[in-house]
Structures are given as C-alpha cells and as structure tokens.
Amino acid sequence: MKIYTKGGDKGMTSLIGGERVFKTDLRVEAYGTVDELSAYVALLTDYLRDDKALQEYVAELNTIASRLMNVQAILACGQSGCEKVKPLEESCIRWLEERIDAMQAQLPTIDKFTIPGGDIRVSYCNICRTVCRRAERAALRIDGEQEVEHNTMAWLNRLSDYFYVLSRRLTAHYQVEETLWIP
C-alpha cells in the first residue's frame, strides 16, 4: 500500500465514515492538534525512559499515548462511521484524576502560578500541557457545531492538569528550583 494517495493535493481529506472535508475543517484542526500532542508525549516519554525512578510515569505516558489515538479517532468522526470508534469511558477520567492526586500528594502546596522551565523534561511537560489546552479549545469549537462526547472533553481538560502536576513532580525529582510567579 502506498503512503500517498494524492487525494489531499487540493486541500481535501476524509473523515472516519468517508465524508470529504477541507483540511481547514475544525475536526481536522482538532485531531491534528491531538496528533501534535501525541508527538510531544512521545518525546517526553523518550526523555524519561532511561530513569529507573520514573518508570511509573513512562507507563502512564504510554497509556495516555494510546488514549490520545482514540481521541483523534473520536474527533475525526464525520456524519457517519462513528460507530467504528469506541468512546472514552468515565474510568479514563477517574484514572487521570487518581494519577494527579497521587503526584500532588508528594508535592508541596503552592498558592501562586509556576513559571515553566529549569529542566528540559519539565519544559516538555509544559509544552504538552499547552498543546493539550489548544487541542481542548479546538475540540470545543467542534462541540459548538457538532456535539463532542462529554468524556472526551473532560479527559482533555484533566490531561492538561496531569501535565502540569507531572511538570511539578519532575521539578522535584530533578531537584530543580520551582520558580513561582510573583507579580
């Protein structure tokens, strides 16, 4: 099978179900942003993979990567074909919440915003967080026209929180000074 089809040469692509849309369609923008997030999650995972103390987070990120593929499929649904895509279950949201709570229990409480940076792995967490927020906004634009399943929206919202707390957890792990924003 050839990787190129030439079907997109004039700016069109197919959604799940076969519907043809412009590559500027809100759904293409949303699942493309989730695809970008997946690439950053892979990069972050690669940076953490060799640290034995972080294998728990590597496993979590692998789970997240798989669920991101599912979210891409959900967002790529056209007028038909959605029955081919399994929706996210509420347990996926609870799992993220449990992971966030477990990490937060290991961190000092703060009452200010943090300024990203200090270590490349922390910075990649924050890139994942911001790309996730952009994906969430793109999915919300779709939801304004064609309802997006609630668990997908909630999961994306929790996922950005996960990346924020993971960045704080990695800041602690790598003994980087956490910089708080003091206006």
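A contact here means heavy atoms within 4.5 Å. In this predicted model, Ser 38 touches Leu 68 and Gln 72, leaving aside residues up to four places away in sequence. The protein comprises five helices and two strands, and from the N terminus on these elements run β-β-α-α-α-α-α.

**Overall dimensions and surface**
- The C-alpha trace of the protein spans about 50 × 35 × 35 Å along its principal axes, and 41% of the 183 residues count as buried.
- Among contacts with a separation of 6 or more, 75% are between residues 24 or more positions apart.

**Helix α4**
- Helix α4 covers residues 120–143, and because 24 residues at 1.5 Å a residue should span 34 Å, the 34 Å between its end C-alpha atoms agrees with expectation.
- The buried residues of α4 include Val 122, Tyr 124, Cys 125, Cys 128, Val 131 and Cys 132, together with Asn 126 and Glu 136.
- Those buried residues pack against α1 (26–48), α2 (55–75) and α5 (150–173).

**Ser 38**
- Ser 38 is found in helix α1, and its relative accessibility of 14% is under the 20% limit, so Ser 38 counts as buried.

**A nonpolar surface patch**
- Phe 113, Ile 115 and Trp 181 form a nonpolar patch on the surface, and together they have about 350 Å² of accessible area.
- Ile 115, which lies in the loop between α3 (90–104) and α4, counts as partly exposed because its relative accessibility is 41%.

Notes
Residues are numbered from 1 along each chain as its sequence is written. This is a predicted model: local features need pLDDT of at least 70, side-chain atom pairs count only at pLDDT 80 or more; totals for chains, interfaces and linings use all residues. Side-chain values use heavy atoms; hydrogens and water are left out. Helices (H or I, at least four residues) and strands (E, at least two) are DSSP runs, numbered from the N terminus. The expected span of a helix is 1.5 Å times one less than its number of residues. Buried means under 20% relative accessible area, exposed over 50%, partly exposed in between (1.4 Å probe, protein chains only). Patches are made of residues with over 30% relative accessible area and no salt bridge: like charges are joined within 9 Å, nonpolar side chains (Val, Leu, Ile, Met, Phe, Trp, Tyr) within 5 Å. Accessible areas come from the Shrake-Rupley method with a 1.4 Å probe; for residues, only the protein chains shown count as cover. A salt bridge is a side-chain nitrogen of Lys or Arg within 4 Å of a carboxyl oxygen of Asp or Glu.
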